[in-house]
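I opened my notebook to look up the fold, the surface and the aromatic rings of one protein.

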Amino acid sequence: MKPSKPESPVLPAILLAAVTLIVFFVLQNSGPESAVRQFHEAAINNSPRELQQVTLQSVNENSDAYMMASIVQHDFMAGARVRIVGTRKTMDGSPNRRIVDVVYLFNNRVVRAVPWVVVRERHLWKVDVVATRFGQA
């Protein structure tokens, strides 16, 4: 009878790494920060359709969403960089509402900080532009 070879730990490690990468790839566009990032990308790309996908309220030329998107687009065109610095619970502690703290930098200096309010609706996080605009966290 031959002695059995010990199993190599390489295969389980590769499988675990692959599963981890797949999970992170799938979840990268699912959190509160992602909704804010997607809002900024849609604003910069001037895409009302994409804005509507990540915004709680309707998007039209007279809407709060359109106005907030215009500000983001203007800042970007002026050279601003956007940095998400954290996420926190709202005052009411609801699991379906979060505040995503964003700073806007010009020449590596913070010139504005905005607490973006996001709401989970049907398992998707969306930006509440009215609450964000009027500071109703």
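My entries on this model follow.

**Ground rules.** I am working with a predicted model, where local features need pLDDT of at least 70, side-chain atom pairs count only at pLDDT 80 or more, and totals for chains, interfaces and linings use all residues. Residues are numbered from 1 along each chain as its sequence is written, and side-chain values use heavy atoms, with hydrogens and water left out.

**Fold.** I looked up the elements and found five helices and four strands. These are DSSP runs, numbered from the N terminus: helices are H or I with at least four residues, strands are E with at least two. Along the sequence I read α-α-α-α-β-β-β-β-α.

**Contacts.** I took contacts with a separation of 6 or more, and 48% of them join residues 24 or more positions apart. Contact means heavy atoms within 4.5 Å.

**Aromatic rings.** I found one aromatic pair. The ring centres of Phe39 and Trp116 are 5.1 Å apart and the planes meet at 55°, so I noted the pair as tilted. Phe39 lies in helix α2 (residues 32–44) and Trp116 in strand β3 (residues 109–121), 77 residues apart. For the rule, rings of Phe, Tyr and Trp (its six-membered ring) pair if their centres lie within 6.5 Å; planes under 30 degrees apart are stacked, over 60 edge-to-face, the rest tilted.

**Burial.** I checked both residues: Phe39 and Trp116 are buried. Buried means under 20% relative accessible area, with a 1.4 Å probe and protein chains only. Of the 137 residues in the protein, 32% are buried.

How values were computed:
Buried < 20%, exposed > 50% of the residue type's maximum accessible area, 1.4 Å probe, protein only.
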